[in-house]
Amino acid sequence: MLAGEKTRTETFLVKLFAVVPLLALAAAVPFAWGWGLSWTDVALTAGFYFLTGLGVTIGFHRYFTHGAFKANRGLRIALAVAGSMAMQGPVIGWVADHRRHHAYADRDGDPHSPWRYGTSAAALAKGFWHAHMGWLFDREKTNAQRFAPDLLADRDLVRIDRWFPALTVVTLLAPALIGGLVTMSWWGALTAFFWAGLVRVAVLHHVTWSVNSLCHLIGDRPYAARDKSANFWPLAIASMGESWHNSHHADPTGARHGVRRGQLDMSARLIWLFEKLGWATDVRWPKPERLARKLNPGFTSAPRGFGNPERGLPAGTSARKHPQYHPADGRNPASGAPYSPRA
Ligand SMILES: [Zn+2]
Ligand SMILES: [Zn+2]
């Protein structure tokens with residue numbers, strides 16, 4: 001399961017890059033608010049936040065980890081680069097850690113479970129810290145040969161994985177460069193570096209880490225999962241749909257995590273756009289009947305869009321009139337063809 005230990009330098013760099021943006025955030029936001037923040041900074045911060053965040057949610061997570069869709073070469077590379085710019089570690093290690101999380105979720109072997117130390121208040125406080133960021137400082141390294149052999153076999157991805165230090169420099173300096181050019185001033189470069197570089201990285205770090213910590217602790221659990229994952233609505237927008245984490249653990253390969261009515265999922269919307277453009281194919285949109293079978297008592301079935309149960313049926317028939325078209329295994333008994341909500 002593990003592949004040796006991180007070196008001292010590696011652990012030091014992880015600490016440096018996890019802690020410095022956070023300190024910058026805590027110390028300087030109140031200080032610079034009001035006089036060191038221009039509209040250029042706001043636009044650059046939002047732009048880099050969503051670019052790198054979607055690189056993680058759509059790229060590292062839904063695509064590389066779970067294979068929720070197939071991407072053409074250009075999109076595959078763009079997603080790997082954008083995700084690497086979130087400064088959450090190189091793509092192959094990220095994917096290996098996350099696949100290990102799903103394989104052992106909230107049990108022994110999970111790299112970041114808040115339930116690791118027990119269920120008392122003190123154990124959960126310690127567990128929260130561990131799941132949120134403490135686990136990053138563990139010296140254990142997930143075995144990528146075992147958890148991500150598919151990515152190791154792709155030469156382009158191995159190359160992007162090695163470029164991680166260079167992409168870290170790019171993600172911090174690109175906002176400064178653009179800010180400097182837009183305002184034609186060193187001051188503009190400095191404030192853009194601060195807001196769209198450091199502060200943006202820190203905020204995205206904590207939102208991503210909250211999916212590992214908060215979303216295994218608090219929220220609704222509409223679906224039966226083998227772990228304690230939960231749907232935590234306050235993070236839906238900031239996490240770009242990833243905080244619908246109980247739905248995700250119930251159906252890990254699904255391209256949409258916000259599967260219930262009214263659940264915003266920006267990442268799913270963008271995958272839908274990639275599909276329309278022809279860049280993404282074989283998208284695994286959630287199947288309402290599959291989700292309905294996993295529903296916990298007390299929750300009503302309220303799946304949303306993309307899974308109209310009437311679709312995929314022969315013209316003139318209706319699921320309601322012909323319930324035999326929805327057998328438990330999702331196959332059409334007349335033709336034997338797999339039932340597809342997209343057909
Ligand atoms: Zn999880
Ligand atoms: Zn996942």
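Q: How are the axes and angles of packed helices defined here?
A: An axis is a line fitted to C-alpha atoms, for helices over the stretch in contact, and the angle is taken between N-to-C directions, from 0 to 180 degrees. In this predicted model, α2 and α12 pack at an angle of about 75°, and their axes are 10 Å apart.

Q: Which word describes how α2 and α12 lie to each other?
A: Angles of 65 to 115 degrees count as roughly perpendicular. The helices α2 and α12 are therefore roughly perpendicular to each other.

Q: Which residues make that contact?
A: Helix α2 supplies Leu54, Thr57, Ile58 and Arg62, while α12 supplies Ser267, Leu270 and Ile271. By class, the residues of the contact of α2 with α12 are four nonpolar, two polar and one charged.

Q: At what angle do the axes of α2 and α4 cross?
A: Helix α2 covers residues 39–65 and helix α4 covers residues 91–103; their axes come within 10 Å and cross at roughly 60°.

Q: Which residues bring α2 and α4 into contact?
A: On α2 they are Phe60, His61, Phe64 and Thr65; on α4 they are Val91, Trp94, Val95, His98 and Arg99. The contact of α2 with α4 has five nonpolar, three polar and one charged residues.

Q: What is Val95 in contact with, leaving aside its neighbours within four places in sequence?
A: Val95 is in contact with Phe60, Phe64, Thr65, Ala148 and Leu151.

Q: How do α2 and α10 pack?
A: Their angle is about 35°, with the axes 9 Å apart. The crossing of α2 and α10 is right-handed. Among the residues that make the contact are Leu44, Phe48, Tyr49 and Val56 of α2, and Trp195, Val199, Val203 and Leu204 of α10. The residues of the contact of α2 with α10 divide into 10 nonpolar, seven polar and two charged.

Q: Is Ala166 buried or exposed?
A: Ala166 has 11 C-beta neighbours inside 10 Å and so counts as exposed. This residue is found in helix α9. The C-alpha atoms of Ala166 and Ser84 are separated by 9.9 Å, although the two residues are 82 residues apart along the chain.

Q: What can be said of the protein chain as a whole?
A: Its secondary structure comes to 13 helices and four strands. Of the 343 residues in the protein chain, 41% are buried. Among contacts between residues at least 6 apart in sequence, 65% join residues at least 24 apart.

How values were computed. Residues numbered from 1 in each chain as written. Chains lettered and ligands numbered in written order. Predicted model: local features only at pLDDT ≥ 70, side-chain atom pairs only at ≥ 80, totals over all residues. Helix = DSSP H or I, 4+ residues; strand = E, 2+ residues; numbered from the N terminus. Contact = placed C-beta atoms within 7 Å. Nonpolar A, V, L, I, M, F, W, Y, C, P; charged D, E, K, R; others polar. Left-handed = near helix turned anticlockwise from the far one by under 90°. Buried ≥ 20, exposed ≤ 12 C-beta atoms within 10 Å, placed from the backbone. Parallel < 35°, antiparallel > 145°, perpendicular 65-115°, else oblique.
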